[in-house]
Amino acid sequence: MTERVSVLICTYNYARYLPQCLTSVLNQTRPPDEIIVLDDGSTDTTPELIKQFPEVRYVYQQNTGKAVAFGRAFALSSGNIICHLDADDYWELNKLERVLNCLAENSKLGGVVHEVNHVDVSGRPIHFPWTSAHPAEPLLLTLDECEDVGFLYPLPKPRGQSFGVPNTSCVRRAFLEDLLPLPREVGGSTDGILIAGGLRYGMAYLPDPLAAYRIHGRNAGFGNVASTQETICMWEFLLAHPSFRRYLSDRHANLLRAKILERKAYLASRTGQRVLSGAWAGICVPLILAANGYRCNWKHLALPAACLLPIKRSRVKRPPPAELASHPQTESSSPAIVQR
């Protein structure tokens, strides 16, 4: 059966990046069957610019945030392969061809994820020390194998593995639609939902950088209060969703709860808000880890004190929802945090 491919691009005020993004999709060696740009309330020149790309289906809506915007784009799409792309990123020209070859080799795969080249606002390469730490060969990633990765403070000698950059994911429609619609609060962590949906059935990992991931001032997520909260909302949503929870072992569910508590304690330590509940969350993390056969990171032991001590708090301003709608280098999607 020929796969029908839909590329979904949610954007907000990224007119300066859209031409390179769309050109990279339109020039694929295996072109997609449809491209949907969901404009989540842009106030820049996006509506005028998009007229240069008549092949693209353009839909404008009032700002709702990325989770709701993606859900609408998904509902409008018709492909049985859903490809996620942020409006400020772009693909290598053989991306879709490589992805579809992987999926053709195993019809039961949930999807494909791969590595990226990091670039700055002007497209110049950025090199991070951890970018060379990924495997050199393709892998099959499963939900069970990633249960102990994804902590804000990585566990000593984790048994699992997870590689690739979540916002590069291409997922089978049938393996994603049962998790939709998403609550608005998930926001920029939407790409983490795509990974979660695909991992239930296994995802192919390609070590090749088949896309460019642009780093700029509006999409930095590590240490950001809003993106940390979105990560918490994403994991709470998944843990409570019957279509996801039934794929988790009890240990995996417990470790997921520990990840949620870890970030709640971290938020309290950063903001000085809800410090008592944050300190209790910090106390619970090492206990849950120990009960499930893991040692904690030494920073976990300091979290309760960091919540309660009268230390100088970082001034962290929550950006308005509109700024979270387009490109989520959130803690759920940052390769430096989740994937290493």
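Select α8 and α9 first: their axes come within 8 Å of each other and cross at roughly 145 degrees. This is a predicted model, in which local features need pLDDT of at least 70 and side-chain atom pairs count only at pLDDT 80 or more, while totals for chains, interfaces and linings use all residues. Residues are numbered from 1 along each chain as its sequence is written, and side-chain values use heavy atoms, with hydrogens and water left out.

Helices (H or I, at least four residues) and strands (E, at least two) are DSSP runs, numbered from the N terminus. Axes are lines fitted to C-alpha atoms, for helices over the stretch in contact, and angles run from 0 to 180 degrees between N-to-C directions.

**Stop 1: α8 and α9.** The crossing of α8 and α9 is left-handed; a crossing is left-handed if the near helix is turned anticlockwise from the far one by less than a right angle, and right-handed if clockwise. On α8, the residues in contact include Leu-255, Ala-258 and Leu-261; on α9, they include Val-275, Ala-281 and Ile-288. By class, this contact of α8 with α9 has eleven nonpolar, three polar and two charged residues. Here Ala, Val, Leu, Ile, Met, Phe, Trp, Tyr, Cys and Pro count as nonpolar, Asp, Glu, Lys and Arg as charged, and the others, Gly among them, as polar.

**Stop 2: α6 and α8.** The crossing of α6 and α8 is left-handed. Among the residues that meet are Ile-232 and Trp-235 in α6, and Ile-260 and Tyr-266 in α8. The contact of α6 with α8 holds nine nonpolar, four polar and five charged residues.

**Stop 3: α5 and α6.** Now select residues 190-199, which are α5, and residues 225-240, which are α6. They pack at an angle of about 30 degrees, and their axes are 9 Å apart. That makes α5 roughly parallel to α6. The crossing of α5 and α6 is right-handed. Gly-192, Ile-193 and Ala-196 in α5 meet Met-234, Phe-237 and Leu-238 in α6. Five of the residues in this contact are nonpolar, one is polar and none is charged.

**Stop 4: the largest pocket.** About 320 Å³ of space lies in the largest pocket. On a 1 Å grid over the protein atoms alone, a pocket is an open set of points where a 1.4 Å probe fits, with protein on both sides within 12 Å along at least five of seven lines; lining residues have an atom within 4 Å of a point. Select Gln-229, Lys-264, Leu-267, Gln-273 and Arg-274, the closest to the pocket's centre of the 13 residues that line it. α8 gives the most to the lining, with five residues. The lining divides into six nonpolar, five polar and two charged residues.

**Stop 5: the loops.** Go to Leu-180 and Pro-181, which are joined by a cis peptide bond with omega about 5 degrees. Pro-181 lies in the loop between β9 and α5. Next, select Asn-13, in the loop between β1 and α1. Asn-13 is not a glycine, yet it has a positive phi of about 55 degrees. Finish at Lys-157, in the loop between β8 and β9. Phi of Lys-157 is also positive, near 50 degrees.

Key
Angles under 35 degrees count as roughly parallel, over 145 as roughly antiparallel, 65 to 115 as roughly perpendicular and the rest as oblique. Contact means heavy atoms within 4.5 Å. Grid points are joined across faces, edges and corners, and a volume is the space filled by probe spheres set on the points.
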